[in-house]
Protein chains: 10
Amino acid sequence: MLFHLYIEINLPPDMPEEKANDLRARETAQVQQYQREGKWPQMWRVAGRYANISIVDCADADELHRLVSALPLFPYITTTVTPLARHPARL
Amino acid sequence: MLFHLYIEINLPPDMPEEKANDLRARETAQVQQYQREGKWPQMWRVAGRYANISIVDCADADELHRLVSALPLFPYITTTVTPLARHPARL
Amino acid sequence: MLFHLYIEINLPPDMPEEKANDLRARETAQVQQYQREGKWPQMWRVAGRYANISIVDCADADELHRLVSALPLFPYITTTVTPLARHPARL
Amino acid sequence: MLFHLYIEINLPPDMPEEKANDLRARETAQVQQYQREGKWPQMWRVAGRYANISIVDCADADELHRLVSALPLFPYITTTVTPLARHPARL
Amino acid sequence: MLFHLYIEINLPPDMPEEKANDLRARETAQVQQYQREGKWPQMWRVAGRYANISIVDCADADELHRLVSALPLFPYITTTVTPLARHPARL
Amino acid sequence: MLFHLYIEINLPPDMPEEKANDLRARETAQVQQYQREGKWPQMWRVAGRYANISIVDCADADELHRLVSALPLFPYITTTVTPLARHPARL
Amino acid sequence: MLFHLYIEINLPPDMPEEKANDLRARETAQVQQYQREGKWPQMWRVAGRYANISIVDCADADELHRLVSALPLFPYITTTVTPLARHPARL
Amino acid sequence: MLFHLYIEINLPPDMPEEKANDLRARETAQVQQYQREGKWPQMWRVAGRYANISIVDCADADELHRLVSALPLFPYITTTVTPLARHPARL
Amino acid sequence: MLFHLYIEINLPPDMPEEKANDLRARETAQVQQYQREGKWPQMWRVAGRYANISIVDCADADELHRLVSALPLFPYITTTVTPLARHPARL
Amino acid sequence: MLFHLYIEINLPPDMPEEKANDLRARETAQVQQYQREGKWPQMWRVAGRYANISIVDCADADELHRLVSALPLFPYITTTVTPLARHPARL
């Protein structure tokens, strides 16, 4: 089942650069593993903002929550989830 | 999978009473059929408003959309859907 | 270039069924033509609502506006456009 | 009487891990005691967020406030309360 | 138990004067009956608006919904309900 | 003249317990003095939140501002003021 | 006592021109009478909108409501009232 | 002086095509006259919406209001005005 | 030209009292100088809040921005500016 | 292609003056380089606020995001991006 995620990231501007870099590197690794597993098939940067739009493909809301809450940046993000259905005009 | 629905209903106040009654009767019948099928296990009236909160249990977002868009009142409602995951402190 | 579109549709509930059906049929035809041209690669129904999320691929904002404003349902929709950039963690 | 609660949790990201774990453990214990007493019959995690939706069953608003304000996480939560009435179409 | 109600009234400006007057007269009668029964102990006009703030005293949300939905103006109002608890500093 | 106040309180969660208790004790004393003077005739806790709804009775907006800005918690509160008029249906 | 009013006007675009002109003429007459009585000392047009900002001077909220609800455009306006206190830095 | 205008247009979908075309033609003529007079130097379509962003150059708020309220579409638009100052980093 | 300003002030509650007093004293001095120059003819306290409403009279948006950004409290305020035009019903 | 940017800046008030000045100087230099390259043709200060409105001209959303995220103030700003199309009434 597909979910649409709008993720806004708020890192405190006074976080030490080293910690921020480490968090971002681990976030990238985690999200790329989800991509390889086919769970996170699409993802874009919202132009001009520190925010992302993703399409996530997983069994249900329990798996979705496991994926998102395991992200290293989870304590710093706000996520809005929209469940997606097939569109009747989709070829 | 469980979805939380907040449904606000806006019938035009000048709709003929007969049409409104017919719509409401068919809405009740439809929702009670969903209850008998185990798809719509819970549902409350938001006190003081023409609005409802429901817990719907269905396979995925496609089925959810089929259920909601088949409601006779669908053209008159605004629905906000929240996917629900198991809470870790739930006994 | 990719644009993310959130489209909310508001058909007046008292529109004659025949007119609504005609509008919807022409909308479907138009959107399917855009899909065949590769301009409208993705599109989902927002579960429980008369609303869609789409990814549109076109040259620039001028082409985007031509595509959207030529939709038969254009007078009845509200569109929110978000320009999408490549995400650095995208494989 | 039933109340619907939407609870958003905001722990400061720089809270020491030990303190956060202690708070969460005591929160779980408290909420499970409420469940055993039949006061907090339902509760779900909002998928993708650090937020919950609950159905609480208590005598009145005084008891509701006692239950919520005694939660160890009370200083870190925002609660939206909706009083629930019986729905006429409920079987 | 006490509930706080914010009620906004929207009569269509083109409603015939006679119908509006009749609705308002029946609304007044109904609300005054609630006052005599001790169910609706307080009520003010929000200065400058066609809106009211009330304190309603009833057994639970079911009774509250019965009172509000029986108002002749119910199809024209938007109600926001806030459950009230005793304040610890209240003498 | 009557004013309706919605007061939301935001104490920083890291305020030392002793300081918070002192503030709250002085707040209670101040508000109880206002009650004895007949200036603050009613006041409820918004169930589930650290917020209050009050009815304040004073000469004019100058006196209202003096009362509210002299509260020990004034630097930590957000107040929304609604001037109240007599309701024509009030018995 | 002074009140600050933000008034937004929404005349239905299909109101017959004659009726709209009559309403506006009576509105002007009424508001100019209030000015002559010293009740409505200031009033500006919000540039670019069919909206006004006014400073009204009257005894209390009851008088304020009488003034505003007697305006011929009352059924078509939305008013936001802010009670004003003396500013300590005002010379 | 420069003003930034965000203009949202809402033509009723059931307005006769002839009337809508006439309104739009007169709107275009009016806005092009403002352009020739140097009063309305810039103007773009918000991609995907029936909305515009403009930079208007006029003496003051009185002239701004005269320009905007003389537009044939004025009864159908919502305008948000932002006064613009010179930016210190502007070359 | 006249501008309407709504100014909300947010001093951090943990700012040392001495610094806050110094800021407020310099703010008062600055605003009183503007009053003597005829630039800031009116100003009220929003009752119950740490907020002000002002009418400022200056040449254009450049001067307005110079006045506001030179206020000692500028880093702590949020300002909403509304340009004012003459009202046709103003005597 | 043109993008409209609304940028709100939030420097923490307790940032050391030296650091803030350095950030602002580098921001100015960066934005002036963008102007010289023709990428950032217009830019105004929103009067009364620490905010800007800009028109940015670049190839696509990828370039837009590179420009904005390279600004020294990027961690302190909130950007709202609106893609602009040609307006049919533009001379």
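Reader: How do you know that no contact joins chain B and chain G?

Author: This is a predicted model, and in it the closest C-alpha atoms of chain B and chain G lie 17 Å apart. A contact needs heavy atoms within 4.5 Å, and no contact joins these two chains.

Reader: And what about chain F and chain H, how far apart are their nearest C-alpha atoms?

Author: Those are 25 Å apart, and chain F and chain H do not touch.

Reader: How do you know that the copies meet through the same surface?

Author: Take the interface residues of chain A: 100% of them are interface residues in chain B as well, so the copies use the same surface.

Reader: What makes up the pattern of chain A along the sequence?

Author: The order is β-α-β-β-α-β, and the count is 2 helices and 4 strands.

Reader: How much of chain A counts as buried?

Author: Buried means under 20% relative accessible area, and 56% of the 91 residues of chain A count as such.

Reader: What share of the contacts in chain A with a separation of 6 or more comes from residues 24 or more positions apart?

Author: Those pairs account for 70% of them.

Note on methods
Residues are numbered from 1 along each chain as its sequence is written. Chains are lettered from A and ligands numbered from 1 in the order in which they are written. This is a predicted model: local features need pLDDT of at least 70, side-chain atom pairs count only at pLDDT 80 or more; totals for chains, interfaces and linings use all residues. Side-chain values use heavy atoms; hydrogens and water are left out. Buried means under 20% relative accessible area, exposed over 50%, partly exposed in between (1.4 Å probe, protein chains only).
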